[in-house]
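User: I have a structure open and would like to go through it piece by piece. Can you help me read it?

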Amino acid sequence: QVQLVESGGGLVQAGGSLRLSCLASGRTFNNYAMGWFRQAPGKEREFVAGIRGSGSMTDYTDSVKGRFTISRDNAKNTVYLQMYSLKPEDTAVYYCNTIVFGTRATMGSWGQGTQVTVSS
């Protein structure tokens with residue numbers, strides 16, 4: 001079971017940027033596709049972005065295309081979410097998880113998440 005720890009959230013003004021990190025345990029990190037998800041208050045958790053184990057392909061939900069970039073460093077067991085042009089509607093707790101790439105289905109347990117708050 002891969003253990004995941006998210007970090008990098010914070011308070012930022014609209015139009016600003018943040019980079020989230022997700023550190024995974026285990027020696028087979030590159031075998032896993034990874035995804036970022038978010039959950040806003042009163043809403044269901046939703047998929048944001050995904051990346052293959054090799055990093056060769058990525059997938060984004062429409063609302064973040066062109067603003068967010070997912071990447072990974074398999075040597076550091078870390079997946080990143082670089083967020084630009086943040087909007088108040090991006091406010092949520094952000095989580096990472098292992099996924100089945102292409103289906104957006106999650107495979108593992110959720111971590112504690114990291115809070116992103118975008119002020120208008």
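User: Is Arg104 buried, partly exposed or exposed, and what is its relative accessible area?
Analyst: This is a predicted model, and in it Arg104 has a relative accessible area of 33%. Buried would need under 20% and exposed over 50%, so Arg104 counts as partly exposed.

User: Where does Arg104 lie?
Analyst: Arg104 is in the loop between β9 and β10, the latter being residues 105-106. Its backbone has a positive phi of about 70°, although Arg104 is not a glycine.

User: Is Asn77 buried or exposed?
Analyst: Asn77 has a relative accessible area of 16%. The cut-off for buried is under 20%, so Asn77 is buried.

User: Which strands are joined to β4 by bridges?
Analyst: One is β9, residues 92-100, joined to β4 by 7 bridges. Another is β5, residues 46-51, with 5 bridges to β4. β4 runs antiparallel to β9, and β4 and β5 are antiparallel as well.

User: What sits across from Phe37 in those two strands?
Analyst: In β9 the bridge partner of Phe37 is Tyr95. In β5, Phe47 stands opposite Phe37.

User: And what is between β4 and β5?
Analyst: The two strands form a hairpin with 6 residues between them. In this hairpin Gly42 takes a positive phi near 75°.

User: Back to Phe37. How many aromatic pairs are there in the whole structure?
Analyst: A search of the whole structure gives 3 aromatic pairs. One of them is Phe37 with Trp110, an edge-to-face pair at 5.2 Å centre to centre, with 85° between the planes.

User: How many residues apart are Phe37 and Trp110?
Analyst: They are 73 residues apart, so I would look at two places in the chain: Phe37 is in strand β4, and Trp110 is in the loop between β10 and β11 (114-119). The pair links distant parts of the chain.

User: Which of the two is buried, and which is partly exposed?
Analyst: Phe37 is buried, with a relative accessible area of 5%. Trp110 has 33% relative accessibility and counts as partly exposed.

User: What other ring does Trp110 pair with?
Analyst: Trp110 also pairs with Tyr95, edge-to-face, at 5.7 Å centre to centre and 70° between the planes. Tyr95 is in strand β9, 15 residues from Trp110. Tyr95 counts as buried at 12% relative accessibility.

User: Which residues form the aromatic cluster?
Analyst: Phe37, Phe47, Tyr95 and Trp110 form one cluster.

User: What charged residue sits over the ring of Tyr95?
Analyst: Arg45 does: its charged end is 4.4 Å from the centre of the Tyr95 ring. A further case is Arg72, which lies over the face of Phe29 at 4.3 Å from the ring centre.

User: New topic. In what order do the strands of the open sheet come?
Analyst: The order is β1-β3-β8-β7, which makes 4 strands with antiparallel pairing. β1 and β7 are the edge strands, each pairing on one side only. Neighbouring strands are turned by 15° against each other on average, direction ignored.

User: Which residues of β1 are on its covered face, and which on the uncovered one?
Analyst: Leu4 and Glu6 are on the covered face, and Val5 and Ser7 on the uncovered one. In a regular strand the side chains alternate between the two faces of the sheet.

User: How many bridges join β1 to β3?
Analyst: There are 4 bridges between β1 (residues 4-7) and β3 (residues 18-24). Val5 stands opposite Leu23 in β3.

User: Last one: what does Val12 touch?
Analyst: Leaving out residues up to four places away in sequence, Val12 touches Ser17, Leu18, Leu86, Thr117, Val118 and Ser119. Val12 and Val118 are 106 residues apart in sequence, yet 5.0 Å apart in space, C-alpha to C-alpha. Val12 is in strand β2, residues 10-13, and counts as buried at 13% relative accessibility.

Technical notes:
Residues numbered from 1 in each chain as written. Predicted model: local features only at pLDDT ≥ 70, side-chain atom pairs only at ≥ 80, totals over all residues. Heavy atoms only, no water. Pairing = 2+ DSSP bridges. Buried < 20%, exposed > 50% of the residue type's maximum accessible area, 1.4 Å probe, protein only. Axes fitted to C-alpha atoms, helices over the stretch in contact; angles between N-to-C directions. Contact = heavy atoms within 4.5 Å. Phe/Tyr/Trp six-rings, centres within 6.5 Å; stacked < 30°, edge-to-face > 60°. Lys NZ or Arg CZ within 6 Å of the ring centre and 35° of its normal.
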